[in-house]
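Have a look at the sequence and the model, then read on.

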Amino acid sequence: MANYYSDHPEIGFYLNHPLMARIVELKEKGFAEERSYDLRL
């Protein structure tokens with residue numbers, strides 16, 4: 001199995017679905033903690 005994402009295109013459907021963005025936003029609480037960490041690379 002070289003790439004699980006490539007081998008299973010149905011996963012792309014779920015990850016790129018418009019509701020997924022909303023689910024992540026709710027789960028991450030609007031990315032509120034983003035400002036409290038210095039993540040510069």
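This is a predicted model: local features need pLDDT of at least 70, side-chain atom pairs count only at pLDDT 80 or more; totals for chains, interfaces and linings use all residues.

Residues are numbered from 1 along each chain as its sequence is written, and side-chain values use heavy atoms, with hydrogens and water left out.

**Confidence**
- The mean pLDDT (the predictor's confidence in each residue, from 0 to 100) of the protein is 82, and 95% of its residues reach 70 or more.
- Confidence is lowest in α1, with a mean of 83, and highest in α3, at 88.

**Overall build**
- You'll find three helices and zero strands here; both are DSSP runs, numbered from the N terminus, with helices (H or I) needing at least four residues and strands (E) at least two.
- Going along the sequence, the pattern reads α-α-α.
- Along the principal axes, the C-alpha atoms fill a box of roughly 35 × 25 × 10 Å.

**Inside or outside?**
- Of the 41 residues in the protein, 2% are buried (buried means under 20% relative accessible area, exposed over 50%, and partly exposed in between, with a 1.4 Å probe and protein chains only).
- The protein exposes about 4,300 Å², and carbon and sulfur atoms supply 60% of that; the areas come from the Shrake-Rupley method with a 1.4 Å probe, and for residues only the protein chains shown count as cover.
- Helix α3 covers residues 18–27, and the number buried among its 10 residues is zero, so α3 lies largely in the open.
- After α3 comes K29, which has a positive phi, near 55°.

**The salt bridge**
- Side chains of opposite charge can pair when their charged atoms come close.
- Searching the whole structure turns up one salt bridge, meaning a side-chain nitrogen of Lys or Arg within 4 Å of a carboxyl oxygen of Asp or Glu.
- Its partners are R22 and E25, whose side chains meet at 3.5 Å, N to O.
- R22 and E25 sit three residues apart in helix α3, so about one helical turn separates them.
- R22 is partly exposed at 43% relative accessibility, and E25 is partly exposed at 37%.

**The aromatic pair**
- There is one aromatic pair: rings of Phe, Tyr and Trp (its six-membered ring) pair if their centres lie within 6.5 Å, and planes under 30 degrees apart count as stacked, over 60 as edge-to-face and the rest as tilted.
- The ring centres of F13 and Y14 are 5.3 Å apart and their planes are at 75°, so this pair is edge-to-face.
- Both F13 and Y14 are exposed.

- S6 belongs to helix α1, residues 4–7, and is partly exposed at 49% relative accessibility.
- From S6 to E25 it's 19 residues in sequence and 25 Å in space, C-alpha to C-alpha.
- H8 has a relative accessible area of 24%, so H8 counts as partly exposed.
- H8 and A21 are 13 residues apart in sequence and 20 Å apart in space, C-alpha to C-alpha.
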